[in-house]
Amino acid sequence: MRRAVCPGSFDPITNGHLDIIARASRLYDTVYVAVMINQSKQGLFTIEERIALIEEVTGELGNVRVESFHGLLVDFCKQREIPAIVKGLRAVSDFDYELQMAQMNIGLTGVETLFVPTNPAYSFLSSSLVKEVAQWGGDISHLVPSPVLHALKPKLRQR
Ligand code: PNS
């Protein structure tokens with residue numbers, strides 16, 4: 001049974017995330033999506049809302065499990081016997097920090113990190129930019145799955 005994890009904050013999931021998860025789901029038997037809890041970061045969506053949206057948009061892939069975790073990613077992997085972390089790389093600017101984390105993680109428990117080049121259509125995309133553009137009424141319908149688009153509208157109105 002080949003397992004991998006796609007970790008992140010997913011506040012909210014974008015088409016860029018979804019592309020990486022879908023590609024990982026074709027390479028591995030089971031892909032865990034780990035919604036990592038960072039208590040120092042106030043998110044727009046609650047952890048439960050993020051999980052529900054990810055479950056909805058990854059449902060048809062058939063081999064994706066979505067869970068939240070408070071702690072180190074390496075401990076999430078150890079507890080579930082996951083040997084590989086899959087991360088999307090959007091640009092060279094992502095590389096420095098991702099390399100640091102990959103080297104830290106392999107040093108901690110031996111878990112490997114595999115980098116997948118982001119689809120160029122999404123190389124500029126981030127959850128933060130999506131929220132900023134949506135907040136000011138910009139069109140993000142091509143950048144997020146439709147359940148996310150619908151969930152964003154009432155959230156941003158509450159702000
Ligand atoms: O979507 P993000 O916010 O860019 O994802 C970053 C994330 C959550 C994958 C990263 O911060 C992480 O792995 N956090 C879990 C805590 C941890 O293991 N920290 C040590 C990293 S070497």
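Strand 2 (residues 30-36) and strand 3 (residues 64-69) of this predicted model pair in the parallel sense over 6 bridges; two strands pair if DSSP finds at least two bridges between them. Helices (H or I, at least four residues) and strands (E, at least two) are DSSP runs, numbered from the N terminus. Within this pairing, Val-35 stands opposite Ser-68 in strand 3. Between strand 2 and strand 3 the chain passes through helix 2 (residues 47-58), forming a right-handed β-α-β crossover. Right-handed here means that, with the strands pointing away from the viewer, the path from the first strand over the helix to the second runs clockwise.

The backbone also deserves attention in the loops. Most residues other than glycine have a negative phi, and most peptide bonds are trans. The loop between strand 1 (3-8) and helix 1 (15-27) contains Pro-12, and the peptide bond from Asp-11 to Pro-12 is cis, with omega near 0°. Phe-10 lies in the loop between strand 1 and helix 1, and its phi is positive, near 55°. Phe-10 counts as buried because its relative accessibility is 3%; buried means under 20% relative accessible area, exposed over 50%, and partly exposed in between (1.4 Å probe, protein chains only).

A positive phi, near 55°, is also found at Glu-81, in the loop between helix 3 (73-80) and strand 4 (84-89). Glu-81 has a relative accessible area of 67% and is therefore exposed.

Residues are numbered from 1 along each chain as its sequence is written, and side-chain values use heavy atoms, with hydrogens and water left out. Local features need pLDDT of at least 70, and side-chain atom pairs count only at pLDDT 80 or more, whereas totals for chains, interfaces and linings use all residues.
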